[in-house]
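Hi there,

Here is the structure I promised to pass on to you. Have a look at it first, and then read my notes below.

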Amino acid sequence: MMQDRKALRREIRQQRRALSRSQQQLAGRQLAQQLSRQIWFRRARHIALYLPNDGEIDTRPIIALCRRQRQHLYLPVLHPVRHNRLWFTPYTRKTPMRLNRYRISEPVPTGQPRRPAFALDLVLMPLVAFSPGGGRLGMGGGYYDRTFAFKLAEKRLRGPRLVGLAHELQRRDALPLEPWDVPLNAVVTDNACYGISY
Ligand SMILES: Nc1ncnc2c1ncn2[C@@H]1O[C@H](COP(=O)(O)OP(=O)(O)O)[C@@H](O)[C@H]1O
Ligand SMILES: [Mg+2]
């Protein structure tokens, strides 16, 4: 089972990195278009997302859209005390950035007010593989699973809506999932929205 997950991650990450710059640009624009049709996206006030890395679908058109719509954006940062969990720090045009240990651009950890995971309306998260029912395979760090484990415990509609962003090529009909994998409410790709439509 674990080996399945490793092999699948490797295969899809390779396919994702093989996309050309123009394919990536087009996919990013189409993704923003798909999202902008969703009422839950337009209504969200506090939205966490990520900056693309390793061939992940480009979020920059979404960032531009959210800024026009006056929505508040946040980026994940490693929690200073609760190891392996994420916190969310405000992301504006003025936010000073640095490269973290994975060489991913992230906000400089300053005395900025951070927002705990449960106080967001919407979390747009990266993934390696997804299934149309909301299954998610990440890069293997388990950060989002740990951060949103409270959504598994309370089987109600509390907490932020969790939505994966992906290229269509990252879709698989079924995934080798584990009990700790937190399911997504929806996945939006360059081509479709899987899951909630309200
Ligand atoms: N809620 C949790 N509490 C403690 N450890 C967790 C939790 N969720 C995941 N993990 C650990 O994180 C590791 C990576 O999780 P995995 O689901 O494989 O990664 P990803 O979701 O990034 O694909 C696993 O070994 C798992 O034991
Ligand atoms: Mg997981």
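**The magnesium site and its surroundings**

The magnesium ion (ligand 2) has D145 (OD) and D181 (OD) as its protein donors, lying 2.0 Å from it; donors are N, O and S atoms within 2.8 Å of the metal (3.2 Å for Na, K and Ca), and since water is not among the atoms, sites may look incomplete. This pair links distant parts of the chain, 36 residues apart: D145 sits in helix α5 (residues 143–147), D181 in the loop between β9 (161–166) and β10 (186–189). Helices (H or I, at least four residues) and strands (E, at least two) are DSSP runs, numbered from the N terminus. Are D145 and D181 buried or exposed? Both are buried, that is, under 20% relative accessible area (1.4 Å probe, protein chains only).

This is a predicted model, where local features need pLDDT of at least 70, side-chain atom pairs count only at pLDDT 80 or more, and totals for chains, interfaces and linings use all residues. Residues are numbered from 1 along each chain as its sequence is written, chains are lettered from A and ligands numbered from 1 in the order in which they are written, and side-chain values use heavy atoms, with hydrogens and water left out.

Now for ligand 1. Among the 14 residues around it, R5, R9, G138, D145 and W180 come nearest (a residue counts if one of its heavy atoms lies within 4 Å). An oxygen atom of ligand 1 lies 2.7 Å from a polar backbone atom of G138. For G140, the distance from a polar backbone atom to an oxygen atom of ligand 1 is 2.9 Å, and for a backbone N or O atom of G142 it is 3.0 Å.

Happy exploring!

Notes. Buried < 20%, exposed > 50% of the residue type's maximum accessible area, 1.4 Å probe, protein only. Polar contact = N/O pair within 3.5 Å; in protein donor to acceptor, adjacent residues only side chain to side chain.
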